[in-house]
Amino acid sequence: MRLLATISAHGLGHLAQSAPVLNALRRLVPALQLTVASALPEARLRERIDGGFRIEPQALDFGFVMHDAFSVDLKASAAAYRDWHADWQARVARTAAWLQALGPELLLCNAAYLPLAAAARLGVPAYAMSSLNWADLFAHLFMQAGAHARWAPPIHAQMLRAYREASAFFKLRPGMDMPQLPNATWAEPVAAVGRVRRDELRERLQLAPDERVVLIAFGGIQARLPLQRWRFAAGLHWLVPAAWGFDHERVRTIESLGWPFAELLASVDALVAKPGYGSFVEAACVGLPVLYARRPDWPEQEPLLHWLHAHGRALQISEAALQRGDLAAPLAALWRQPPKPPLVAGGAEQIAARLARHGR
C-alpha cells in the first residue's frame, strides 16, 4: 500500500492523533510505503511515527493564525482564508498535480481539506480523521451575524464540499459532532501511551520523596508564561519548553531530558495545559491529573472538557492565575481528587483496520 498522510502543523495535536493510526496500520501492513506531508519539524514526525517514511515538507492547511496558544487572531485568519480561497480551483489543480506526481494509492488527511478536493479530482481514494474540522470552526468564528457574512459563506461551502469528498471522515472521540458532514463516522479515542519512567525521572531530577514534577505543555503552539514573575512554591518542580529561556533551580527544560513526550507525560505528577486533544486523551490513558485554562471562543474544547472530567482528574484555573503562577493550591486540590481507571484507547486500531481493508 502506498499511503500519503497529511498532518496539520497547527499545533501538535494532529500528529498525536495521526501517528498511532499510522503505527497501527504498519503493524497490519508491514510493507506499507508511507509518505507524510506536513510542515511540522522532521524530528517531531520521526519521534512519533514508527518505521521508515518519506517526508514532503508541505503546508496543506494552516488552521488559524494564533495570537498565542489560547486565542485566535481573527483579522489575520480572515485575511489568510480569503487569500487561500482567492483562486480556489487553481489551488486545487496545483495540489492535484503534486498528488499525481507522488502517486499514492490512498490518502489520509488530518485535518486539511485541500488534498481531499485534489484527490477527488484524480479519483484517488481518500479518508479524513480528526476531532475537529476547519469548516465547523470557520463557521463558528466568521459566519455569525456581522460584517463577515458576505465573504465567508462561499469559502465555507468550498471547505464543506472538499470534506464531503472523503470516503469517510473519522471523527475522534472526544470531538466535535460535525452534523454537516454526512460521511462522518465516530471512532474511539486515539492516543500514544508512553512507558512510565517515574522513578527514573525523579532520580534524574534529584527529587526528595515529597517533591512533585509538573509538566507545562501547550501542544506545540508558541506561548510563553512570565516565569520571572512567579513565586515558586516549595516541593514543586517544573518542566517547561527550552524556548522560554528561563533558568531557575526548580525549573528544567523538557528538551534537556531527551525523552519522548509520551514517556514524559506518563512519568510526571501533573500536566498544566490548554484544552487539546492529544494531551487530554494521553493524560486520561495514563491517569495523569490535568490543570487547564480555557481557550476563548474555541468550540472544540467543550466536548474535550466534558470528556476529560468524565474520564480523568481535571481542574480549571483562570488565565490570570496561570500568568501569575498561582498554581500550588489548585494542584493540591487536583491531587486530592480520587483517581479514575486509566482509559484504553482503541481508535487507532479501529481506523487502521478500515484503511487496511481498503488497500486489499
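Strands (E, at least two residues) and helices (H or I, at least four) are DSSP runs, numbered from the N terminus. Keep in mind that this is a predicted model, in which local features need pLDDT of at least 70, side-chain atom pairs count only at pLDDT 80 or more, and totals for chains, interfaces and linings use all residues. Residues are numbered from 1 along each chain as its sequence is written, and side-chain values use heavy atoms, with hydrogens and water left out.

**The seven-stranded sheet**

E2 belongs to an open sheet of seven strands with parallel pairing, in the order E3-E2-E1-E4-E5-E6-E7. Two strands pair if DSSP finds at least two bridges between them. At the edges stand strand E3 (54–56) and strand E7 (184–187); each has a single partner strand, so one side of each is left without a neighbour in the sheet. On average, neighbouring strands of this sheet are turned by 25° against each other, direction ignored. Helix H1 (residues 13–28) packs on the sheet and touches E1, E2, E4, E5 and E6, with its direction at about 165° to that of E1. Such angles run from 0 to 180 degrees between N-to-C directions, and the axes are lines fitted to C-alpha atoms, for helices over the stretch in contact.

**The six-stranded sheet**

A second open sheet has six strands, also with parallel pairing, in the order E10-E9-E8-E11-E12-E13. Its edge strands are E10 (251–253) and E13 (314–317), each pairing on one side only. Helix H14 (residues 328–336) lies across E8, E9, E11, E12 and E13, and runs at about 160° to E13.

| Strand pair | Bridges | A bridge pair |
|---|---|---|
| E5 and E6 | four | Met129 and Phe170 |
| E11 and E12 | three | Val272 and Leu291 |

**Two helices side by side**

Now look at helix H11 (residues 277–286) and helix H12 (residues 301–311), which pack at an angle of about 10° with their axes 10 Å apart. The two are therefore roughly parallel to each other, a label for angles under 35 degrees; over 145 counts as roughly antiparallel, 65 to 115 as roughly perpendicular and the rest as oblique. From H11, Tyr277, Phe280, Val281 and Ala284 meet Leu304, Leu305, Trp307 and Leu308 of H12. Contact means heavy atoms within 4.5 Å. The residues of this contact divide into eight nonpolar, no polar and no charged. Ala, Val, Leu, Ile, Met, Phe, Trp, Tyr, Cys and Pro count as nonpolar, Asp, Glu, Lys and Arg as charged, and the others, Gly among them, as polar.

H11 has nine of its ten residues buried, so this helix is largely enclosed by the rest of the structure. Among the buried ones are Gly278, Ser279 and Glu282. Just after H11, Gly287 takes a positive phi of about 70°.

**A look at the cysteines**

Cys285 is buried, with a relative accessible area of 6%, and Cys109 counts as buried at 1%. How many disulfides does the structure hold? The number is zero, where a disulfide is a pair of cysteine sulfur atoms within 2.5 Å.

Conventions. Buried < 20%, exposed > 50% of the residue type's maximum accessible area, 1.4 Å probe, protein only.
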